[in-house]
Amino acid sequence: MTELRWILLVAGLLLLAGLYLWGTRERRRSGAPEVERPVRIEPPPAPPAAAPSHPAESLRVEPQVRLDDELPAAHGRASQRFEPMMTQEVEIDLSVPDEPRIDEVPAPKPQKIVAVRVTARPPERFDGTQLHEALLAEGLEFGRYGIFHRLDPVGRPIFSMASLVEPGTFDPRTMGESAYPGIALFAVLPGPVPAQQAFEELIATAHSLAGRLSGSLQDDRGASLSMQRISAMREEMLEFDRARYARQSH
């Protein structure tokens with residue numbers, strides 16, 4: 001009987017020690033941080049159905065992810081904004097594109113026209129047949145624009161001759177039927193020869209025609225062509241040539 005008491009006493013002590021150890025372990029588990037404690041998410045109860053024909057399906061709860069790039073302020077600190085970062089280097093060309101090249105248009109060459117007249121003494125007129133013969137005798141040739149020209153060896157006009165009757169043209173086939181109050185000899189400079197040479201040929205031909213036709217010499221304004229005026233015109237030709245050669249040398 002005494003041995004049975006001792007056995008029951010020892011068994012009771014062991015049971016009390018086991019209960020104490022189990023309680024201590026449970027208290028330690030209850031004091032663990034929240035992040036270490038497993039959380040079990042139970043699905044919400046299904047709403048009652050009047051006559052369900054199939055068993056209720058289990059609901060899966062998906063975690064919600066917040067995609068905002070701003071985090072809420074904590075402990076009174078301002079919210080921080082996270083900007084996207086670009087790791088690729090981008091080169092920006094800020095150079096000004098070249099403007100399209102425009103070919104420079106050369107400046108037009110300065111031109112000058114020198115002219116003299118050979119007129120009949122009023123009220124007389126030059127006979128067309130006689131005028132035509134005089135022109136051919138001076139080596140003038142009928143050609144472009146319906147007028148006569150003194151040509152250089154390659155066919156370029158050194159000076160030309162037109163009628164004082166508008167439009168200034170001639171018709172060699174009918175000149176014998178017409179009479180003319182006068183003619184105008186003119187040179188457009190620069191030409192195939194220097195201005196001085198063109199003027200000397202022009203003035204020499206004008207003098208010759210005036211003698212052949214018994215006419216008189218006038219300047220381009222209809223005034224009598226004096227020796228003083230001829231000298232001034234020669235100076236103008238020399239100056240024109242000097243300016244032309246100066247431009248060419250540059």
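I began with R242, which is partly exposed, with a relative accessible area of 48%. I noted that this is a predicted model.

Next I looked up the partner of R242. R242 makes a salt bridge with E239, and their closest N and O atoms are 3.3 Å apart. Both residues sit in helix α4, three residues apart, which is about one turn of the helix. I checked E239 too: its relative accessibility is 47%, so it counts as partly exposed.

Then I asked myself which residues are linked in a network of salt bridges. I found K112, R229 and E236 in such a network. Going through the pairs, I saw that K112 bridges to E236 with 3.6 Å between the closest N and O atoms. K112 belongs to strand β1 (residues 112–119) and E236 to helix α4, so this pair ties together parts that are 124 residues apart in sequence. The other pair I looked up was R229 with E236, whose side chains meet in a salt bridge at 3.8 Å, N to O.

K112 is partly exposed at 26% relative accessible area, R229 is partly exposed at 28%, and E236 is partly exposed at 31%. For the protein chain, the count of salt bridges comes to eight.

**How α3 meets α4**

I stayed with helix α4 and turned to its neighbor α3. The axes of α3 (residues 195–213) and α4 (residues 227–249) come within 8 Å and cross at roughly 155°. Angles over 145 degrees count as roughly antiparallel, and α3 and α4 are therefore roughly antiparallel to each other.

Which residues of the two helices meet? On the α3 side I listed A195, Q196, F199, E200, I203 and H207. On the α4 side I listed I230, M233, R234, M237, L238, F240 and D241. Sorting the residues of this contact gave me eight nonpolar, two polar and three charged.

**Peptide bonds and backbone angles**

I went looking for cis peptide bonds. One joins P122 and P123, with omega about 0°, and P123 is in the loop between β1 and β2 (126–127). Another cis bond runs from L189 to P190, with omega near 0°. I placed P190 in the loop between β7 (182–189) and α3.

Where do residues other than glycine have a positive phi? One of my finds was Y145, with phi near 65°. Y145 is in the loop between β3 (141–142) and β4 (148–151), and at 59% relative accessibility it counts as exposed. I also noted S214, which has a positive phi of about 60° although it is not a glycine. S214 lies in the loop between α3 and β8 (216–219) and is partly exposed, with a relative accessible area of 49%.

**The whole chain**

To finish, I stepped back. The protein chain has four helices and eight strands. From the N terminus on, I read the order as α-β-β-α-β-β-β-β-β-α-β-α. Of its 250 residues, 24% count as buried. The chain exposes about 20300 Å², with carbon and sulfur atoms supplying 56% of that area. Last, I looked at contacts between residues at least 6 apart in sequence: 63% of them join residues at least 24 apart.

Definitions and conventions. Residues are numbered from 1 along each chain as its sequence is written. This is a predicted model: local features need pLDDT of at least 70, side-chain atom pairs count only at pLDDT 80 or more; totals for chains, interfaces and linings use all residues. Side-chain values use heavy atoms; hydrogens and water are left out. Axes are lines fitted to C-alpha atoms, for helices over the stretch in contact, and angles run from 0 to 180 degrees between N-to-C directions. Angles under 35 degrees count as roughly parallel, over 145 as roughly antiparallel, 65 to 115 as roughly perpendicular and the rest as oblique. Contact means heavy atoms within 4.5 Å. Ala, Val, Leu, Ile, Met, Phe, Trp, Tyr, Cys and Pro count as nonpolar, Asp, Glu, Lys and Arg as charged, and the others, Gly among them, as polar. A salt bridge is a side-chain nitrogen of Lys or Arg within 4 Å of a carboxyl oxygen of Asp or Glu. Buried means under 20% relative accessible area, exposed over 50%, partly exposed in between (1.4 Å probe, protein chains only). Accessible areas come from the Shrake-Rupley method with a 1.4 Å probe; for residues, only the protein chains shown count as cover.
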